[in-house]
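Subject: Structure handover

Hello,

Here is the structure I promised to pass on. Please open it alongside this note, and read the findings below with it on screen.

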Amino acid sequence: MTEEEWLTCEDPWRMLENIFGAPSTRRQGLWAAACCRRAWHLLPHQRQTDFEQVMNAVEKSLDQTGSQVGVVGFYPLAEPLHPEKLCGHPPAQTAPWVAALAMWSLRFQHYKSAVGEVAHALAIESTGQPIRLYYPGHPPQHKSQWDREQGTHAQLLRDVFGNPFRPINFAPDLRTDTALALATQMYESRDFGAMPVLADALQDAGCDSDDILSHCRGPGPHARGCWVVDRVLGKE
C-alpha cells in the first residue's frame with residue numbers, strides 16, 4: 001500500500017494489514033469501540049445504560065493494560081446483554097438486534113465481527129429492510145450502504161492510527177497546560193469539538209507540523225484514541 005492509497009482507502013481491514021509492524025491492540029480496540037458507538041442510537045433505550053457500562057469497561061481495560069483483560073470477570077455484566085436476551089431471536093435480523101450483537105462482539109475482542117455488524121445495523125436502519133449478516137465469501141446485501149459505512153470506519157482508523165508513512169516527532173514542549181487540559185477534556189468526554197482550539201494551543205507552543213495542525217483543523221471524524229490527542233496526553 002502506498003501513502004496515497006492509505007489516505008483514500010475505504011477498506012479498514014486492508015489498512016490494518018498494511019500498518020508497519022503489529023497494530024496496537026489498544027488502538028484497534030478503541031477504533032472498534034468508536035465504530036460501535038455509531039450504532040448506539042439503535043440499542044434498546046431501556047438498556048443503553050447497561051451497554052454504556054460494558055463499553056466503558058472495555059475502554060478502561062484497553063487504557064490500563066493495552067488490551068482487554070478479565071473477560072471472565074466481566075461476563076456477568078455482559079451476559080444479560082446478549083442480543084437474544086434483549087431482543088429475542090427474530091426470523092429476520094433487525095437493526096437493534098445487530099447493534100446489540102456488535103457490542104457483544106466488541107466486549108469479547110471480536111473486533112472484526114463488531115465493526116462488520118455495525119455496518120450491517122446501519123444498513124438495515126437506512127434501508128428499513130433486514131439483511132443477511134456478512135460472512136466471508138457471501139457479499140453483503142445493500143452493498144452501497146455497507147460500503148458507505150466501511151468508508152467512515154476507514155476515516156476513524158486514520159484518526160486513531162495516523163499516517164504510518166509519516167512518523168511524527170512530538171516535542172515534549174508542546175504539552176502545555178492549555179493543550180493538556182483541552183486534550184484531557186476531549187478524551188474523557190468523547191466530544192472533539194475543541195480540536196481546532198487544540199491546534200491553536202499547539203501552534204502557540206511552537207508546533208509547525210502541518211500533519212498535526214491540519215488533522216486538528218480538519219473535518220474529522222475524531223474518536224477516543226485520536227493520534228494527536230494521544231500524543232498530547234503521552235499515550236501509546
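Let me start with one residue. Arg 26 is buried, with a relative accessible area of 4%. Please keep in mind that this is a predicted model.

**Salt bridges**

What does the side chain of Arg 26 meet in a salt bridge? The partner is Asp 63, at 3.0 Å from N to O. Arg 26 sits in helix H3 (residues 25-37) and Asp 63 in helix H4 (residues 48-65). The two are 37 residues apart, so look for distant parts of the chain being linked here. Asp 63 is partly exposed, because its relative accessibility of 25% falls between the cut-offs of 20% and 50%. Arg 26, at 4%, is under the 20% limit and therefore counts as buried.

The whole structure has 13 salt bridges. Two others are worth a look.

Take Arg 38 and Glu 149. Their closest N and O atoms are 2.6 Å apart. Arg 38 lies in the loop between H3 and H4, and Glu 149 lies in helix H9, so this pair ties together parts 111 residues apart in sequence. Glu 149 is buried, with a relative accessible area of 6%. Arg 38 is partly exposed, at 34% relative accessibility.

Next, Arg 224 and Glu 188. Their side chains meet in a salt bridge at 4.0 Å, N to O. Arg 224 is in the loop between H12 and H13, while Glu 188 is in helix H10 (residues 177-189). They are 36 residues apart, and the pair links distant parts of the chain. Buried or exposed? Arg 224 is buried, with a relative accessible area of 10%. Glu 188 is exposed, with a relative accessible area of 53%.

Arg 224 and Glu 188 also belong to a network of salt bridges. Arg 37, Glu 52, Glu 59 and Arg 190 are linked in that network too.

**The aromatic pair**

How many aromatic pairs does the structure hold? It holds 1. The rings are those of Trp 13 and Trp 31, with centres 5.2 Å apart. Their planes stand at 70°, so the pair is edge-to-face. The cut-off for that label is over 60 degrees. Trp 13 belongs to helix H2 (residues 12-17) and Trp 31 to helix H3. They are 18 residues apart, and this pair also links distant parts of the chain. Both Trp 13 and Trp 31 are buried.

**The largest pocket**

The largest pocket holds about 770 Å³ of space. Its lining consists of 32 residues. Which of them lie nearest the centre? They are Arg 158, Phe 161, Gly 162, Asn 163 and Trp 227. H9 gives the most, with 5 residues. By type, the lining divides into 14 nonpolar, 9 polar and 9 charged residues.

**One more residue**

Finally, find Ser 105 in helix H7 (residues 95-107). Ser 105 is buried, with a relative accessible area of 5%. What is Ser 105 in contact with, leaving aside its neighbours within four places in sequence? The contacts are His 110, Ser 113, Ala 114 and Glu 117.

Best wishes

Key
Residues are numbered from 1 along each chain as its sequence is written. This is a predicted model: local features need pLDDT of at least 70, side-chain atom pairs count only at pLDDT 80 or more; totals for chains, interfaces and linings use all residues. Side-chain values use heavy atoms; hydrogens and water are left out. Helices (H or I, at least four residues) and strands (E, at least two) are DSSP runs, numbered from the N terminus. Buried means under 20% relative accessible area, exposed over 50%, partly exposed in between (1.4 Å probe, protein chains only). Contact means heavy atoms within 4.5 Å. On a 1 Å grid over the protein atoms alone, a cavity is a set of points where a 1.4 Å probe fits but cannot get out, and a pocket is an open set with protein on both sides within 12 Å along at least five of seven lines; lining residues have an atom within 4 Å of a point. Grid points are joined across faces, edges and corners, and a volume is the space filled by probe spheres set on the points. Ala, Val, Leu, Ile, Met, Phe, Trp, Tyr, Cys and Pro count as nonpolar, Asp, Glu, Lys and Arg as charged, and the others, Gly among them, as polar. Rings of Phe, Tyr and Trp (its six-membered ring) pair if their centres lie within 6.5 Å; planes under 30 degrees apart count as stacked, over 60 as edge-to-face and the rest as tilted.
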